[in-house]
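I wanted to go through this structure from the whole chain down to single residues, and to keep a record of each thing I looked up. These are my notes.

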Amino acid sequence: MDGGAAEAVSGPGRARFPFPYTPYRIQEQFMAALYAALEAGQVGIFESPTGTGKSLSLICGALSWLRDFEEKKKQEEAQLLAPEGSGQEEKQPLASAGPVCPNSRGTSAEPDWIMAFVQKKEEQDLVHRLKEEQIKRKKREERLEKIRHNVQLKYAAKRKRSEEDETKRLLQLSKEILAEGAGALVPEQLDHNEEELILAEYESDEEKKVASGLEEDDDDDLEEEHVTKIYYCSRTHSQLSQFVHEVQKSPFAKDTRLVSLGSRQNLCVNEEVRRLGALQLINDRCTEMQKNKHEKKSDAEVEGKKRRVSRTVCPFYSYEQMQFLRDEVLVEVKDIEQLVTLGRETKACPYYGSRYAIPAAQLVVLPYQMLLHEATRSAAGIILKDQVVIIDEAHNLIDTITCIHSAELCRAHSQLLQYMERYRKRLKAKNLMYIKQILYLLERFVVMLGGNVNQNPSCQAVSQTGTELKSINDFLFQGQIDNINLFKVQRYCEKSLISRKLFGFVERYGNPASAVKTNKENQKLAGLQNFLLTLQQGSYKEGPLQSPPMEVDNDHHQAASPLMHIEGFLSALTNANEDGRVILNRQGTVGQSSLKFLLLNPAVHFAKVVKECRAVIIAGGTMQPVADFREQLLSCAGVDPARIVEFSCGHVIPPENILPIVLCNGPSNQQLEFTYQTRDLPQMMDETGRILCNLCNVVPGGVVCFFPSYDYEKQVYVHWEKTGLLTRLATKKKIFQEPKKANQVEQVLAEYAKCIKRCSQAGGQMTGALLLSVVGGKMSEGINFSDDLGRCVIMVGMPYPNIKSPELQEKMTWLDKTMPRAAGQAPSRVLTENLCMKAVNQSIGRAIRHQKDFASILLLDHRYARPAILNKLPPWIRERTQVKPTFGSAFAELRKFHRGKSD
């Protein structure tokens with residue numbers, strides 16, 4: 001298999017790859033290795049430093065393979081569909097369809113004529129299926145071609161839609177005028193808006209099989225066969241947009257059917273829904289509107305309800321419009337922003353319209369969560385069977401999977417109880433049963449934190465503070481909730497939209513002045529109202545309350561119904577017992593305490609992706625150390641080691657453009673060791689300041705200095721202020737600090753860049769700027785310090801994670817129990833070292849961004865000189881690293897480097 005793949009690359013078929021310009025040698029190697037991995041159906045870990053054109057290499061390598069694969073498939077289909085009598089060739093099985101006859105051919109029990117009949121029948125079925133696929137494909141190609149070349153068709157469709165809108169509007173107006181006269185005849189106990197808060201009658205899946213009939217009415221085109229495609233995912237929407245722009249610039253832009261997927265938050269064009277802000281609220285409101293559309297088809301509705309439903313159906317959810325949008329998406333490559341603009345123009349929902357484009361698409365671009373979370377994946381209509389998945393920016397893939405499947409819990413007991421009391425007479429028995437189960441669960445959760453649901457959580461002191469970790473089973477048994485079917489409760493929450501109804505209820509009655517009067521004693525109600533206020537301030541995330549109860553911030557209030565977080569927590573509790581832990585964090589009061597689920601084994605969720613896909617590529621600019629991916633993710637997911645390939649390429653910059661130095665001692669010969677015990681010493685902070693003062697004298701432009709944490713950066717800054725070191729530094733470089741708030745990052749960066757530019761033009765004593773940053777902060781990832789913005793990157797100490805963290809301790813214990821020792825080291829030790837070096841590599845990789853860039857890198861800590869640590873640096877940095885025991889020799893080297901570059 002491997003040999004064939006290599007031939008596919010080096011042979012005439014793929015000796016060269018279409019590329020917008022002459023590729024670097026390493027890009028050619030990258031594309032060749034990628035093509036071979038896809039052809040052989042492997043799991044590849046690909047590393048290509050930022051600035052080496054990784055995105056274009058991924059696009060051109062993967063789409064070249066897809067184009068060749070489709071061509072091969074067409075040829076094989078043509079052979080199979082050739083008329084009878086054209087020789088033995090037509091008996092060849094289709095390469096992409098797997099073995100033709102899975103039945104036991106070798107069983108001698110079956111007579112030959114039966115085996116021949118079965119084989120013939122299967123071949124006929126295959127030919128029939130291929131013919132059907134071919135007809136559908138031709139139909140789709142003709143349709144897209146028509147749209148591509150017929151501009152008139154677009155305008156006709158738009159005109160037709162605006163006419164329909166106008167008719168609908170007038171019809172709606174007439175209905176409302178008529179309804180005003182008839183409204184008095186309908187006896188209603190609740191007002192019109194409150195009617196929407198009542199839960200509809202609920203039947204579980206065991207009691208009914210959903211048959212809405214909606215799908216049957218749809219055009220056949222929507223039920224299209226999924227073609228072989230590439231799923232490309234990255235972490236953020238901006239990274240995905242950047243990738244789509246690269247596709248638009250590539251030679252494949254014209255004839256690639258690409259669809260960008262996103263969340264409703266990014267794609268919704270219905271302003272009424274968008275205004276809700278929080279993702280979960282938008283999701284629930286949208287789902288409710290679809291449900292209303294389905295219900296609208298039922299005739300057995302009272303007039304009052306009919307009027308309400310017609311008002312809450314989404315005007316953008318129309319099949320005809322969405323089919324038009326789908327075709328538009330497939331005709332021309334569009335990013336998320338262009339998709340939303342198109343949705344507004346065509347009055348079609350981009351969220352659902354883009355999903356209808358998935359089957360026919362060749363390249364699907366989507367965020368991590370959508371691909372890595374199974375429920376989201378199936379809801380989006382993503383089928384991974386025999387497809388290719390490329391996960392980019394994957395350096396923290398393990399953390400991402402862990403976060404997606406972990407959940408934090410807040411407390412929503414009081415809201416739900418008030419809701420039940422208010423509508424008890426209107427709720428069906430099934431709803432009451434499930435609400436009582438959820439109330440019982442919440443009551444037990446609060447008891448586990450040492451509280452009582454009938455009292456205000458802000459006033460209930462916790463007797464035993466601290467953090468405790470329990471296995472899922474222990475938590476369920478000790479909480480006395482092991483007899484409740486969590487799968488059914490979780491399903492109920494999903495299907496009944498209870499969190500959406502509850503949010504509407506809280507919006508209506510959240511204010512103490514309009515609080516609901518129930519038939520319970522008033523003092524208990526007061527406690528519940530206080531509880532409600534506690535919840536509205538979002539204490540579920542922050543722990544301690546941020547402000548007094550009456551000053552509820554409107555944005556916070558909009559955040560979401562707390563029940564939505566509980567759904568996530570219940571879902572997490574359905575993991576296997578050994579794969580996760582429940583963290584009980586008991587603080588001063590119950591209101592400040594929290595429950596959290598921690599996923600220990602991300603491989604269980606990744607295993608399905610790897611198992612179903614033809615090939616999986618995990619790519620990034622800095623993938624070192626790779627051991628984590630191999631052991632924690634792939635080996636645990638049951639991937640055969642023979643199926644895993646690794647590819648790492650150097651950088652495009654010449655060796656003389658980078659100077660990495662490990663510095664063991666400072667200017668006053670103080671050994672540099674920034675451990676938790678020594679880094680707070682005044683002499684350590686002084687020595688760091690002296691090093692920076694010396695460097696700022698010889699390094700032009702921008703210097704970026706990374707500290708292990710915000711707290712330590714602040715501590716050093718305050719110390720330098722007291723000793724006057726900061727004033728000395730400020731004579732050469734203007735000093736900037738990384739802000740903690742994400743919305744201030746852009747402003748600080750803009751001022752930093754402006755200062756450097758001004759200094760380089762003006763000359764004089766001030767030579768640029770110094771930016772004090774934090775490892776793992778806003779500036780250690782996704783920010784480019786190219787050219788003068790980062791002529792020197794300094795790493796102060798080794799950013800080891802906090803091993804006192806209960807979550808990390810539990811993960812370390814779990815690894816030591818489940819993983820073999822590597823090179824005599826305990827897996828937990830390897831984990832902390834890898835987490836540290838991943839963070840270092842991410843930060844120092846910020847400086848070199850293109851072929852002509854240059855920078856020096858200074859690692860301040862003698863521990864970096866250890867061979868085990870040096871080996872975890874990216875190869876292109878490691879090969880050029882010099883270990884300097886004294887500051888004098890390091891400084892001489894740095895001065896020579898920067899003087900040579902400025903000449």
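**Entry 1, overall.** I noted at the outset that this is a predicted model. I looked up the secondary structure of the protein and found 38 helices and 18 strands. I then checked the contacts with a separation of 6 or more, and 79% of them are accounted for by residues 24 or more positions apart.

Which residues touch the most other members of the largest nonpolar core? In this core of 73 residues they are Leu 397 and Phe 606, while helix α13 (residues 319–331) gives the most to the core, with six residues. I also noted a second, separate core of 44 residues, which includes Leu 197, Ile 435, Val 582 and Leu 599. Going back to Leu 397, and not counting residues up to four places away in sequence, I listed its contacts as Tyr 368, Leu 372, Ile 391, Phe 606, Ile 618, Phe 629 and Leu 633.

I followed Leu 397 into helix α18 (residues 397–404), which packs with helix α29 (residues 627–635) at an angle of about 35°, the axes being 10 Å apart. From α18, Leu 397, Ile 398 and Ile 401 meet Asp 628, Phe 629, Gln 632 and Leu 633 of α29. I sorted this contact by class and recorded five nonpolar, one polar and one charged residues.

How are α30 and α31 oriented to each other? Helix α30 (residues 682–698) and helix α31 (residues 710–723) pack at an angle of about 80°, with their axes 10 Å apart, and they are therefore roughly perpendicular. In α30 I found Pro 682, Met 685, Asp 686, Thr 688, Gly 689 and Leu 692, which meet Tyr 712, Gln 715, Val 716, His 719, Trp 720 and Thr 723 in α31. The residues of this contact divide into six nonpolar, five polar and one charged.

I next looked at α31 with helix α32 (residues 725–732), where the axes come within 5 Å and cross at roughly 95°, so these helices are also roughly perpendicular to each other. Tyr 717, Trp 720, Glu 721 and Thr 723 of α31 make the contact with Leu 725, Leu 726 and Leu 729 of α32, and by class it has five nonpolar, one polar and one charged residues.

Is Phe 597 buried or exposed? This residue has its place in strand β9 (residues 594–599) and is buried, with a relative accessible area of 0%. Leaving aside neighbours within four places in sequence, I counted among its contacts His 405, Ile 472, Phe 569, Arg 581 and Val 582. Phe 597 lies 27 residues from Leu 570 in sequence, and their C-alpha atoms are 9.4 Å apart.

I looked up two residues in loops on either side of β5.

How values were computed. Residues numbered from 1 in each chain as written. Predicted model: local features only at pLDDT ≥ 70, side-chain atom pairs only at ≥ 80, totals over all residues. Heavy atoms only, no water. Axes fitted to C-alpha atoms, helices over the stretch in contact; angles between N-to-C directions. Helix = DSSP H or I, 4+ residues; strand = E, 2+ residues; numbered from the N terminus. Contact = heavy atoms within 4.5 Å. Nonpolar A, V, L, I, M, F, W, Y, C, P; charged D, E, K, R; others polar. Core = buried A, V, L, I, M, F, W, Y, C linked by side-chain atoms within 4.5 Å. Buried < 20%, exposed > 50% of the residue type's maximum accessible area, 1.4 Å probe, protein only. Parallel < 35°, antiparallel > 145°, perpendicular 65-115°, else oblique.
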